[in-house]
Amino acid sequence: MILQILLLAAAVGALVYFVRSGQSVGVRASKRIAFGAFIVLNIYAVLRPDDLTYLARAVGIGRGTDLLVYLLVVAFVFGMLNTYLRDREISQHLTNLARQIAVRDAELTRRENDLEQRLTALEQQTTTNGHRPAATGPAATASADEVGTARSTGS
């Protein structure tokens, strides 16, 4: 009797945890239904073990315990297959992310090298001409005007 109470408490606890966990939102409806049915059948098997033996004999298995073990093996294989498929999907996502990052890094490196080459060419051009290249934009115009004003006034 004590073992039945413990088994029922464990089954109800598993059901409550599954329903209340934040991850259950992402679980497919078919998996929710299958898990719920599994828990209900588990509770029924604990409360009425003779019915499980009757069902086992009806399908050609000698004892209810053997039927339960066979069903648990099937559930375990299903769980392992589900875990394998999810792991494979996650690995594929990681591979795609790594490829995207590698392409982005290569593009950034190419752009940096291109900018470095342009700066080097610009520096070589300025040393060859002996003066700095003219600046462009409003700030450069203002400073050129200020220099022209300063030269004309003699300051």
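Predicted model: local features only at pLDDT ≥ 70, side-chain atom pairs only at ≥ 80, totals over all residues.
A pocket, in the sense used here, is an open set of grid points with protein on both sides within 12 Å along at least five of seven lines, and its lining residues have an atom within 4 Å of a point.

Two packed helices are described by the angle between their axes and the distance between the axes. Take α1 and α2 to begin with: their axes come within 9 Å and cross at roughly 165 degrees. Angles over 145 degrees count as roughly antiparallel, and α1 and α2 are therefore roughly antiparallel to each other. The crossing in which α1 passes α2 is left-handed. On the α1 side, the contact is made by Q4, L7, L8, A11, V12, A14, L15 and F18, while α2 brings R32, F35, G36, I39, N42, I43, V46 and L47. Sorted by class, the contact of α1 with α2 has twelve nonpolar, three polar and one charged residues.

Now follow the chain onward to the pair α2 and α3. Here the axes come within 5 Å and cross at roughly 105 degrees, which makes α2 roughly perpendicular to α3. Y44, A45, V46 and L47 of α2 meet P49, D51 and L52 of α3 in this contact. Six of these residues are nonpolar, none is polar and one is charged.

Next come α3 and α4, whose axes come within 7 Å and cross at roughly 75 degrees. These two helices are therefore roughly perpendicular to each other. From α3, the residues L52, T53, L55 and A56 take part, and from α4 the partners are G64, L67 and L68. Five residues of the contact of α3 with α4 are nonpolar, two are polar and none is charged.

With the helix pairs in place, which helices supply the lining of the second largest pocket? Each of α1 (2-20), α2 (29-47), α3 (49-58) and α4 (64-129) gives at least two residues to that lining. You can find the pocket by looking for L3, Q4, L7, N42, A45, V46, P49, L52, T53, G64, T65 and L68, which line it. The lining of the second largest pocket divides into seven nonpolar, five polar and no charged residues, and the space inside the pocket is about 230 Å³.

How values were computed: Residues numbered from 1 in each chain as written. Heavy atoms only, no water. 1 Å grid on protein atoms, 1.4 Å probe; cavity = no way out; pocket = protein on both sides within 12 Å on 5 of 7 lines; lining within 4 Å. Points joined across faces, edges and corners; volume = space filled by probe spheres on them. Helix = DSSP H or I, 4+ residues; strand = E, 2+ residues; numbered from the N terminus. Nonpolar A, V, L, I, M, F, W, Y, C, P; charged D, E, K, R; others polar. Axes fitted to C-alpha atoms, helices over the stretch in contact; angles between N-to-C directions. Parallel < 35°, antiparallel > 145°, perpendicular 65-115°, else oblique. Contact = heavy atoms within 4.5 Å. Left-handed = near helix turned anticlockwise from the far one by under 90°.
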